[in-house]
Amino acid sequence: MPSSAFPDGGPPLTEDEAEDLLRCICFKTGPPGAVGVELEWFVHDLRSPYLPVPRDRLDAAFAALRALRLESSLTVEPGGQLELSSPPAPSLARCVATVSADLSAVRSELARLGLALTGSGTDPWLPSRDRLLREPRYDAMETYLDRFGRAGRTMMRDSASVQVCVDSGYEEPGPLGYRHRWRLAHLLGPVLVASFANSPVLHGRATGLRSTRQSLWTGIDPLRGAAPPAGREPRGAWARHVLDTPVMCVRAEEGPWTVPQGLTFREWLRSGSPRPPTRADLDYHLTTLFPPVRPRGSHLELRMLDAQPGDDGWVVPLAVTAALFDDPRAAEAAYRLLLPLAETAGPLPPPRDAHWRAAIRDGPMAPALHRAAVGCFALALESLARSGAPAAVYDAVAAFRERYVLRRRCPADEHPADGGPAAPSPGPAPAHVSGPGRPVSGGTAPVPGPVPAPVSDSGPAPESGKDPRP
């Protein structure tokens, strides 16, 4: 979530112009094939991960990392999480090779400084993190999100993810068409959440959830973290969703940014107050929407995955997602396999429908999601074999399937029941990421029921209430 200076926004925008722009700049279509990944990591002291890393030490480390020659872009999130964003790659193999090389360089530099990267959807050790980035964007974001409880500020400071980017697809119908891929992303979402759940701990305490991180994102506010209603034409549904979501902030050249109360972008366009919005304001508004699947120009961001354990745990969700989207046979088969989930999802949009809630709470112990995961991993392995994917990538997916999917387990089940993983031993990465631990609550699924509100959230449960959109 990079910050930006206040730009010259150009002339005021009308409502019709805004809707036309949204239909044009999102879901740009073309031959699919490019793939990318964004990886977020917590930075801990190599020997004392239970202690916060001082701000000056983190600043020095980030300065050293920025001096490295990386192909991926390197940024810092509000709580000091490190993010690597790959350039668009023409193939899965190229993406994995590029990011692996960059991560190796980053880990080596951090190890020299006595620091390590930790892959987990929520910080497994620290009781809470300070917000390191004191910029108008993040000040305004925290002010806005605090109106709905503490889930928003906890998400900003204490969560980390793997985000997979795939092309929007063709204009034409079919398994590689953008309508099909948009729908597939939302059907596949809860299966990915369940399979790769890796955040059973928040602020040092077990939460009873497999993916506490996704619970936080679900609870940030009624619309900002939600998808448009299912079953509608994607461009029109997304344009309406964008315009009918409240504005997080109105930027200014000087002083703090204004944080309106309940002002949707459509209402801002109509009223022109506190100042007329421009194209730059619309572009910025788009960066403040955090649905589980976000259209960004010519690609889709799948944002629902917890950060993964191990040096290369991120490769598996990247490979599975790419295989199910960019192989027409696998894409069509996955769509048919997952479509019945829509019949039992209920009336709320992702990530508040029944399957997303089950994924957050129960992970692969949810029967429908387990069956879907078994089928999707089989399709992904067949696709990877057909495409000639690197043997190491195929083997990593096969090993994950054997270790977790077929056993109805996920990485969250290998966290100790009383909190985060054991402290790492000295080395280039924390030792816990490659070794099993005790399952949360003895490895059994929590008692079925509604997803509880995030443990640090004083607001309503994420799924409470009806869909507020027309």
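1. Which residues does H180 touch, not counting residues up to four places away in sequence? H180 touches G174, P175, A331, E332 and Y335, where a contact means heavy atoms within 4.5 Å. H180 is found in helix 6, helices being DSSP runs of H or I of at least four residues and strands runs of E of at least two, both numbered from the N terminus. At 13% relative accessibility H180 counts as buried, since buried means under 20% relative accessible area, exposed over 50% and partly exposed in between, with a 1.4 Å probe and protein chains only. The C-alpha atoms of H180 and S168, which are 12 residues apart along the chain, are separated by 9.5 Å.

2. On the basis of these values, please note that this is a predicted model, in which local features need pLDDT of at least 70 and side-chain atom pairs count only at pLDDT 80 or more, while totals for chains, interfaces and linings use all residues. Residues are numbered from 1 along each chain as its sequence is written, and side-chain values use heavy atoms, with hydrogens and water left out.

3. For the chain as a whole, the secondary structure comes to 15 helices and 9 strands, and 59% of the 470 residues count as buried. Among contacts between residues at least 6 apart in sequence, 76% join residues at least 24 apart.

4. A search of the whole structure finds 12 aromatic pairs, a pair being rings of Phe, Tyr and Trp (its six-membered ring) whose centres lie within 6.5 Å, with planes under 30 degrees apart counted as stacked, over 60 as edge-to-face and the rest as tilted. One of them is the tilted pair of F27 and Y178, at 5.7 Å centre to centre and 50 degrees between the planes. This pair links distant parts of the chain, with F27 in the loop between helix 1 (15–25) and strand 1 (35–45) and Y178 in helix 6 (residues 178–195), 151 residues apart. Both F27 and Y178 are buried.

5. Y50 and W125 form an edge-to-face pair, 6.1 Å centre to centre with 65 degrees between the planes. Y50 is partly exposed, with a relative accessible area of 47%, whereas W125 counts as buried at 4% relative accessibility.

6. F27 and Y178 also belong, with W182 and W238, to one aromatic cluster. The charged end of R235 sits over the ring of Y178, 4.4 Å from its centre, the criterion being NZ of Lys or CZ of Arg within 6 Å of the ring centre and within 35 degrees of the ring normal.
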